[in-house]
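Visitor: Please pick a single part of this structure and look at it closely. Keep it brisk, and give the cut-offs.

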Amino acid sequence: MVELRDVHMRFEEKKVLDGVSLKIEPRERLVVLGQSGSGKSTILRLILGTLRPDSGSIFFKQFEITRLSRRKLQRVRQHVGMVFQYSALLSSRNVRDNVALPLEELTDKSRSEIDKIVDEKLELVGMGDSKELLPEELSGGMRKRVALARALVLNPELLLLDEPSAGLDPVIASVIDELIISLSEKSKVTSITATHEMDSAFRIATRMAMLYQGTIIEEAKPEEFKHSKNPVVAQFVSGSTEGPILEGSLDAITKK
Amino acid sequence: MPHAELPPVVIAEGVGYATRYFLREVGSVFWLIVNTFEETFERIQHGRVPFRAASFFRHTERAGVDSVPLVGLVSFFLGLTMALLTGYQLQRFGTERLIPGLVAIAFTRELGPLLTGIMLAARIGAAFTAELGTMQVSEEVEAIEAMGIGPLRFLVAPRMLALVLLMPCLSTVSNIAAIFASSLVCKAYFSIAFPYFLDLVKDSLLIRDIITGVLKSLLFGLLIAAIACYRGLTVKGGAAGVGTSTTSSVVTAITAVIGFDTLYNVVYTTFYPT
């Protein structure tokens, strides 16, 4: 369903992606792991087409995202739902209007039809009672759930989730994870999640990929990933300070 | 310690860098206008409204109705001052009956659109930049784009249209306020009765002056909206970036309005010298 072929990307002098190749099959829940700033969110933005790679190709179904015109890209994006790290709800619109926005702007549905779909999606994420609230009146977890409802409102085939449980307490993080699993099973959507939260990653994933120094160093099912022989993956999974990830930088930290 | 003289190559490099930056900014604003039109007309071609009427009217209310007191008051005071100062000079030659025409032509052709442009650049341009800049740093603009909604059509087009349509109306308010103020001065200090004042205004004002004023206002409205939205959508660096961009937006928009006014006058007087 999604394929990245030898994707390179740099921001000014910093090389973020250095030949990333990744294939995602339909109905998979792929979790991309990596340190903060390793380029996980960049991969999601490249798939969405809001960023263009320096080189390489990105495919979504039969479309080569990197070669699409603005108009075609806008049409393709209607099949993709994205949940941003900080939810990115429109602050001037209430919950109902945030979720209704894609339907109002991109479909010919009547007001009553839109209301029905919005109610249904908000009920799905357990936010049916908060329709009139503004984003500033919501907690972090509630915002994430509204963002998820907004991402699902056009029944996308692909769901991109950027740190869905970051900054949430463990209970709410589990609720969000369970929600993602049940939604992807019920609605049969393919999902790609970028995270560095290991508990959340193992709960959600049907397959995992580790991004390190601009490349995918390991791809495996969660069980295999947990027992990986790769020292970088093993250190990342265990959260240990001993290992190749902090080599050099740990010395600098301890000397301070 | 005396400053060492800069070598010519360094000066040339600086000039080249500044020119490139200027041209890149002008090009970006130009393409923002073109792409906004393109996105909007594509939507109309598909038989759909480009943006919600409520969004358009919210901006017209803020840019137009809420700006009337400021534009009216400033223009009233300026009209008053202009009539007084020119009146005393003209009185020495016995030509104070020229005051109504002078104020009417000056405001209709030049000062009305210019003052309104400067006031709107400061008042509304800053608001547009701050609003879009905040949306940009909180990823709201990217979220709109991610949904497959054209951000230029959705965010820029209603603001641009509101300002373009409202500028001539506010210029008219400015002209009327200034002419009314000068009529009060004429009556109080130079014994020109109101009906005679109106006759003198009508005699001196040409349709061409009114058209010039309206065209300038439309152009200024487009410029202010485009610069303000461009600055807002290109904000980088969080809250501090929003502040910097807002200041830059106001300065750029005011400079652009005055610059285009001068350019317009040069072109106009070349083709219509009288």
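Guide: Among the elements of chain B, helix α6 (residues 151-190) has the highest mean pLDDT, 95. The lowest, 89, belongs to helix α2 of chain B (residues 53-63). Here pLDDT is the predictor's confidence in each residue, from 0 to 100. Helices are DSSP runs of H or I, at least four residues, and strands are runs of E, at least two, numbered from the N terminus.

This is a predicted model: local features need pLDDT of at least 70, side-chain atom pairs count only at pLDDT 80 or more, and totals for chains, interfaces and linings use all residues. Residues are numbered from 1 along each chain as its sequence is written, while chains are lettered from A and ligands numbered from 1 in the order in which they are written. Chain B averages a pLDDT of 92, with 98% of its residues scoring at least 70. For the complex, the predictor gives an ipTM of 0.87 and a pTM of 0.87.

Now take B:Pro151, which lies in α6 of chain B. Is B:Pro151 buried or exposed? B:Pro151 is buried, because 23 other C-beta atoms lie within 10 Å. The cut-offs: buried means 20 or more other C-beta atoms within 10 Å of a residue's own, exposed 12 or fewer, partly exposed in between, with C-beta atoms placed from the backbone.

What does B:Pro151 touch? Leaving aside neighbours within four places in sequence, B:Pro151 is in contact with B:Val141, B:Ile144 and B:Glu145. Contact means C-beta atoms, placed from the backbone, within 7 Å. B:Thr36 is 115 residues away along the chain, yet its C-alpha atom is separated from that of B:Pro151 by 8.8 Å.

Next, the side facing chain A. There, 13 residues of chain B are in contact with 17 residues of chain A. Helix α5 of chain B (residues 140-146) gives the most to chain B's side, with five residues. By type, chain B's side divides into five nonpolar, three polar and five charged residues. Nonpolar covers Ala, Val, Leu, Ile, Met, Phe, Trp, Tyr, Cys and Pro; charged covers Asp, Glu, Lys and Arg; the others, Gly among them, are polar.

A:Ile117, A:Val118, A:Lys121 and A:Leu122 are buried in α4(A). Seen down the helix axis, the buried residues of α4(A) fall within an arc of 130 degrees, so they line one face. The arc is that of the directions from the helix axis to the C-beta atoms. On the other side of α4(A), A:Ser112, A:Glu113, A:Lys116 and A:Glu123 are exposed.

Conventions: Contact = placed C-beta atoms within 7 Å.
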